[in-house]
There are 2 protein chains.
Amino acid sequence: MPMRNSDKTREKLLAAATEVFWEQGYSNTSLRQIAQMADVDVALISRYFGGKLKLFEAALTAGLYWPELIDPDNDPIKVAIAKYTASSSEDHKFSITRMIVMNASDPQVGDMVRQTLFDTLVAPLESRIDGEHGAAQLAMFFSVIIGASVARHSLLMPGMAEVDADTHAWQLRYLIDAALQFEISEEPKVP
Amino acid sequence: MPMRNSDKTREKLLAAATEVFWEQGYSNTSLRQIAQMADVDVALISRYFGGKLKLFEAALTAGLYWPELIDPDNDPIKVAIAKYTASSSEDHKFSITRMIVMNASDPQVGDMVRQTLFDTLVAPLESRIDGEHGAAQLAMFFSVIIGASVARHSLLMPGMAEVDADTHAWQLRYLIDAALQFEISEEPKVP
DNA sequence: AATGTATGTCAATGCGTGTTGACATACGGA
DNA sequence: TCCGTATGTCAACACGCATTGACATACATT
């Protein structure tokens, strides 16, 4: 009793793929699992998307919440910080972590994930940063976000995983602030 | 022409397993690959180690370079920082990143990886840290190391991946210094 | 030298995977 | 109403995987 709406089928598949790919990574996810979750036959995935890799590619961009954080009309760094550390934090909390997980989970998709990360996150901010140590500050900015996100949500590091969202936001903004004030000094500050 | 030295065989298997597990993670590594690298029959793995999971468990502790960083006779934080950011940096550079990769590569081994991470890294420092914000500082300390390591070695973030070791060490020590000076203030510092 | 055990070799098994093709059915246009 | 195409269903394939058991060989002990 097939009803003629392949678009709906495609949407269901993409939705299921986005959810499970972002949660489990690439190689730990099977097409049968996605198909079952979408209540669709497995064969239709290869038919409609052309294979697992293509489906992953579609799910990668579909599940990316970060573009909302980039506001080209304002100072991008500040907007990103404000939005990330504010209410959106818990909504987007997995976005970075999942990105890391997906990048790490399979070398086959590593380049793809990294490229998407750069295009949607780093590049928009890169042209706006200035100053002598702008590049380093930007890298350290992301480094801090990545570390905090992984420590909190993936590694469940004590002192960071169990605290409430506000406390974590404070920790995060403190580190971000430090990262953005970085400049190379004569000697490292830690003995 | 089997020669009677099963210990040697076990060592070769463990060495190969350590190398490839730490590089590729759990589920992306096959026992056949390990066996081929060690020039040993696949069946001996299950015989000697009792399965893939047990072999991974052995390789996990065997490949951990971090215990060297913990010196119980001195201030552990400072020793860890000094050793990590100094010459050992490039030797151990992958240790943290690989830990993330292995943690992410398979949910089956996530708990094991995390437990090992805590037992060998966090716990030894945890009892030594003091002050009101000691726990948060420790978490942020690791958070910074994780973020910098992943950004530099796994995500290849521009501004952090292509710089030389000394420059990266400076960035790292700067962030560590900031993390250890953290205390909750009235208002976040970043507008 | 004979024997039993430790060690290594090989094949087979069962399972899950992504992908493909043959077939069936419902729909839209003639 | 009839036909061609779009959509869905099902089975099978070829592959790689971890694991197991039967068999062969080298060694240590007697």
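Predicted model: local features only at pLDDT ≥ 70, side-chain atom pairs only at ≥ 80, totals over all residues.
Hi everyone, let me start with confidence: among the elements of chain A, helix 2, residues 31-38, has the highest mean pLDDT, 98, while helix 6, residues 88-91, has the lowest, 48. Chain A as a whole averages a pLDDT of 82, and 79% of its residues score at least 70.

Now to the two chains together. Chain B can be laid on chain A by a turn of 180° with a shift of 0.0 Å along the axis, and the RMSD is 0.2 Å. That is the relation of a two-fold axis. If you want to find the axis on your screen, look for B:Gly147, which comes closest to it of the residues of chain B, with its C-alpha at 1.7 Å.

Next, the core. The largest nonpolar core has 94 residues, and the ones with the most contacts inside it are Ile100, Val144 and Leu175 of chain A together with B:Ile100, B:Val144 and B:Leu175. Let's take A:Val144 as our example. Not counting residues up to four places away in sequence, A:Val144 touches A:Leu175, A:Ile176 and A:Ala179 in chain A, and B:Val144, B:Gly147 and B:Leu175 in chain B. You will have spotted B:Gly147 again, the residue of chain B that comes closest to the rotation axis.

Let me move to helix 4 of chain A, residues 52-62. Which of its residues are buried? They are A:Lys52, A:Leu55, A:Phe56, A:Ala59 and A:Leu60. Those residues cover an arc of only 140° around the axis, which puts them on the same side of helix 4 of chain A. Their packing partners in chain A are helix 1 (6-24), helix 2, helix 3 (43-49) and helix 8 (110-126).

Over in chain B, have a look at B:Leu14, which sits in helix 1, residues 6-24. Beyond its neighbours within four places in sequence, B:Leu14 is in contact with B:Ala58, B:Ala59 and B:Ala62. Its C-alpha is separated by 9.4 Å from that of B:Ile45, 31 residues apart along the chain. Is B:Leu14 buried or partly exposed? With 19 other C-beta atoms within 10 Å, B:Leu14 is partly exposed, because being buried takes 20 or more.

One last stop, for those who like backbone angles. Most residues other than glycine have a negative phi. A:Leu156, though, is not a glycine and has a positive phi of about 55°. A:Leu156 lies in the loop between helix 9 and helix 10 of chain A, and is partly exposed, with 17 other C-beta atoms within 10 Å. In chain B, B:Leu156 also has a positive phi of about 55°. B:Leu156 is found in the loop between helix 9 and helix 10 of chain B and is partly exposed, with 16 other C-beta atoms within 10 Å.

How values were computed
Residues numbered from 1 in each chain as written. Chains lettered and ligands numbered in written order. Least-squares fit on C-alpha atoms with pLDDT ≥ 70 in both. pLDDT = per-residue confidence, 0-100. Helix = DSSP H or I, 4+ residues; strand = E, 2+ residues; numbered from the N terminus. Buried ≥ 20, exposed ≤ 12 C-beta atoms within 10 Å, placed from the backbone. Arc of directions from axis to C-beta. Contact = placed C-beta atoms within 7 Å. Core = buried A, V, L, I, M, F, W, Y, C linked by C-beta atoms within 7 Å.
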